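Let's take a walk through this one together, a piece at a time. Have the viewer open and follow along.

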Amino acid sequence: MKKRHPELLIPASSLEVLKTAVIFGADAVYIGGEAFGLRAKAKNFSRSDMEEGIKFAHEHGVKVYVTANILAHNDDLPGVREYFEELKEMKPDALIIADPAIFDIAGEICPEIERHISTQANNTNYGTYNFWWRLGAKRVVSARELSLEEIKEIRRNIPEEMEIESFVHGAMCISYSGRCLLSNFFTGRDANHGACTHPCRWKYSVMEETRPGEYMPVYENERGTFIFNSKDLCMIEHIPELIDAGIDSLKIEGRMKTALYVATVARTYRRAIDDYQKDPELYRKNMPWYLEQIVGCTYRQFTTGFYFGKPDETSQIYDNNTYAKDYTYLGIIGEEKDGLYRIEQRNKFSVGEQIEIMKPDGTNAEVKVKRILDEDGNEQESAPHPKQVLYVDLGEKADRYDILRRKEIE
């Protein structure tokens, strides 16, 4: 088997987050347009943002994959054709598709763009991989239910040049390969059409029909049990095993996440992959740093998912549905003007406060906020309004696309 240099594939919810992903270490990013992707609640990309994002990524040697992975109904198909005609002009590097009809339309309209098969297509065996390869797919995203041993067996039984993409970090859907019906049942919003309301995070009491009032023996608190609430996947400690299994692309989940989340996960996995490929001993030595960094964004405890066998009750969180949060996202450094940096602030901070500048190279600089000015040059004591454009004096040099964050006191 040839030695593989895995791609680090990072999600982006907006143009701002795409640029963050590129600067903080992505080899490729995946994004959704305003239609035909499975994150209808995400901001998603307008045509102009998508054009700018693809251009920015390509200028930095980073690929862009566009999701078109809904399970289509009849009345979706004409719009898919129009959409792919637009994408043909924008030249993304690949389309991520689940539906065979959409796959066919992409091959007809933009055959020069690679087609990747979404995890939504339930790709659990090498026969399925070979089926898609014969139809023209370059890459298949493995179902999250596969173990590393199963992925190894798939690699042994598919063409060398065919690519395997696998999720390695982020939220785990409770349903088989993301095929959830709960959202549709409870709210009429179809998860397989991009409108999931995440009912797996709600609280439930479970009861067998013929035994009213008799509850299943699950852990619960006084508010009910979060029986469907999975821990987040994290494979930062298992980069060698992922590479050894023959995975070509290490995929981060999170196309509705903030720039702080994306920056944190991207730079940590970038460093871990690079360290391991440089020297496995360096990777082992730096493990405490990776683990310390990876909790710098919101997360829901961690699990290794199905990679080392089927998850058990320790992979679920029964007593709450909240994220742990060690840092608060404040904004992204923009252009400099007279020693002040432009930011569009995301959470409140004040003059005199101690915050951090988070850099792509893995370093963090503690700084004190010296001044805050609004767009009209008026001095402000704090930045209370979300998305307010401000100019801040940090007393230290920062670079464009650095992230500002504040460590939360326990």
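**A buried glutamine and its surroundings**

Gln345 counts as buried because its relative accessibility is 0%; buried here means under 20% relative accessible area, exposed over 50%, and partly exposed in between (1.4 Å probe, protein chains only). Before going further, a word on the ground rules: this is a predicted model, where local features need pLDDT of at least 70, side-chain atom pairs count only at pLDDT 80 or more, and totals for chains, interfaces and linings use all residues. Residues are numbered from 1 along each chain as its sequence is written, and side-chain values use heavy atoms, with hydrogens and water left out.

Where does Gln345 sit? You'll find Gln345 in the loop between strand S13 (340-344) and strand S14 (354-358); strands (E, at least two residues) and helices (H or I, at least four) are DSSP runs, numbered from the N terminus. Setting aside neighbours within four places in sequence, Gln345 is in contact (heavy atoms within 4.5 Å) with Leu330, Ala383, Pro384, His385, Pro386, Lys387, Gln388 and Leu390. Its side chain also reaches the backbone nitrogen of Asn347 at 3.0 Å.

Now look at the sheet next. Five strands make an open, antiparallel sheet in the order S12-S13-S18-S16-S17, where two strands pair if DSSP finds at least two bridges between them. S12 (336-337) and S17 are the edge strands with a single partner each, so one side of each has no neighbour in the sheet. S13 and S18 pair in the antiparallel sense over four bridges, and Glu344 has Val389 in S18 as its bridge partner.

Another loop to visit lies between S17 (379-380) and S18 (389-393), and Ser382 is found there. Ser382 counts as buried because its relative accessibility is 17%. Not counting residues up to four places away in sequence, Ser382 touches Lys348, Phe349, Ser350 and Ile372.

On to the nonpolar cores, meaning sets of buried Ala, Val, Leu, Ile, Met, Phe, Trp, Tyr and Cys residues joined through side-chain atoms within 4.5 Å. The largest one has 93 residues, and Val29, Phe84 and Tyr269 have the most contacts inside it. Helix H9 gives the most to this core, with ten residues. A second, separate core of 17 residues includes Phe349, Ala365, Ile372 and Ala383.

Finally, a closer look at H9: this helix (residues 259-278) is mostly covered, with 15 of its 20 residues buried.

Notes: Expected span 1.5 Å × (residues − 1). Polar contact = N/O pair within 3.5 Å; in protein donor to acceptor, adjacent residues only side chain to side chain.
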